[in-house]
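Colleague: I am new to this structure and would like a close look at a single part of it. Please start there and then go on to related places.

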Amino acid sequence: MKAVMYGAGNIGRGFIAQLFNLSGYETVFVDVNKDVVRMLNEDGKYPLFITDKGDYIKTEVDRVRCADGTDIALVAEEISTADIMATAVGVNVLKFIAKPIAEGVRARMKKGNGPLDIIVCENKIDANVYLHDLIAENLNDEEKAYFDANFGFVEASIGRMVPKTPENISAEYPLAVCVEKFCTLPVDRDAFKGEIPEIKNMLPYAPFELFIQRKLYMHNMSHALCAYLGNLKGAEYIWQAAQDMRIRFVALGALTQSAQSLAKHHGANVADLNEHSFDLLSRYDNKLLGDTVARVGNDTKRKLSSVDRLPGAIKLAKSQGLPYDYMVMGMAAGLLFDLDDSSKEVSAFAAEKGVAEALKVYSEIEDSEIVSLCESFYNALKVDVDSALDMLIHRD
C-alpha cells in the first residue's frame, strides 16, 4: 500500500505520515525543499520525538521516500498509483500544488485506476472545497467528470501540537520532528469516495461540523484565551499561563461554556466535550511544547474576527441561549494584546475608538449585552488583571 503525503513539514512528517506508517503504508512525500527531498531519499526514515511527562521519547518513521515537487511528471506518476493521499502544505501553498495534482488526475484516469481520497490537513474551514475547486480549474470536462466521480476531498481536524525542535536534537537529526503525545485524527466520514481505509488513530465522523467547531471553539478559543490573559500576567509560554490558577479557572469556564453550546447545537454528548476540555488543559501544561504566548496570540485582526475562535464561540453560545461571560473575558484580553503588527492595530483602535467600535469593526459584534460585558472586563483588566479575573470568578 502506498500513501502520497503532499508536504514534508511538521504536520506531514510529525503527524500524518506517522499514522500512515503505523498502518502499514509506504509513504511518498512530495516537497520542494531540496535538502529534505535528498535526506528522505538517502535515509528512507526519520526520527520522531514524542513529548511525554517532561521527556522526549524517540521513535522512528520508516518506509518513506520523497518526490521533488518541481518534477510534475514524477508527482503525477506517484498520485496515479496511490492508495491514499493527504496534504499539509499550508493554505497559501494550495494554489501551487493544484496543477501537479491535476496532472496526477490525468495520469490516474489514463491508467483506469479507481477512487483516491485526499485527506486535506489545512488550517482553513472548507479547505477541502477550496482545493477541489483549484484542481478542477486545470481540467477539461471529461477529466472533471472522472475527477468528481473518483476523487474524495476529506476534511480533517488537526489537533496535534508540534513544538519547535530543540537545536541539540535538530543538529543531530536534521529530519527530526517533536510532537505531543495526542495523536487522534478526526476526518469527515461522508467525504470519502472509496472504501474508508483502516488508518490507525483516524476517526471518521459525520456530521463533521462538530469536530471543525470543536477545534475552533474549544481548542483554538481556549488556547488564545490563555495567551491573551497570560500576556497581561507577564507569561512568556502557554504552560506558564495555563498553570496560573486564575487563568486556568477562567479557561476551564470558557471551555465548559463552549462545550455546552456545541452539545446543544449539534445534539452531542456534553460529557465527552467536557472530557476534551480537561484533556486540552493538561496538554497546555506540557513545558516541552515550548509554545509561546506571542505565537498563540498573534494576529488578533484574524483571531478576533467574526466567526473565529472567541467571537464565533461567543455568538454560538448566545444563539443557544447559554452563558458566555468566561469567553468574553478572553476576548477583552485579546483587545489588549499588542505583540505583533496586526494585534497592535486592533489594540490601538480599541484604545482610541473604544471597545464597542472595535467589536463592531473587527468582530461584527453589536449585541449590547456582549459589548457591555466586554467593556466592563476590558476596563477592569487595564487596572489589575487578578482583580478582574476575581470579579468574573466570583460573579453570581
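Where is the place of Asp 299?

Modeller: The model is a predicted one. In it, Asp 299 sits in the loop between α12 (293-297) and α13 (300-303). Its phi is near 65°, a positive value in a residue other than glycine. The relative accessible area of Asp 299 is 22%. Because buried means under 20% and exposed means over 50%, Asp 299 counts as partly exposed.

Arg 63 also has a positive phi, about 55°, although it is not a glycine. This residue belongs to the loop between β4 (55-62) and β5 (64-68). With a relative accessibility of 39%, Arg 63 is partly exposed.

Another loop, between α14 (309-319) and α15 (325-334), holds Gln 320. Here the relative accessible area is 15%, so Gln 320 is buried. Apart from neighbours within four places in sequence, Gln 320 is in contact with Ser 261, Lys 264 and His 265. With His 265 there is also a polar contact: the side chains of Gln 320 and His 265 are joined at 3.4 Å.

The bond from Ala 206 to Pro 207 is cis, and its omega is near -5°. Pro 207 lies in the loop between β11 (202-205) and α8 (209-232).

Technical notes
Residues are numbered from 1 along each chain as its sequence is written. This is a predicted model: local features need pLDDT of at least 70, side-chain atom pairs count only at pLDDT 80 or more; totals for chains, interfaces and linings use all residues. Side-chain values use heavy atoms; hydrogens and water are left out. Helices (H or I, at least four residues) and strands (E, at least two) are DSSP runs, numbered from the N terminus. Buried means under 20% relative accessible area, exposed over 50%, partly exposed in between (1.4 Å probe, protein chains only). A polar contact is a pair of N or O atoms within 3.5 Å; within protein, one must be able to donate a hydrogen and the other to accept it, and residues adjacent in sequence count only if both atoms are side-chain atoms. Contact means heavy atoms within 4.5 Å.
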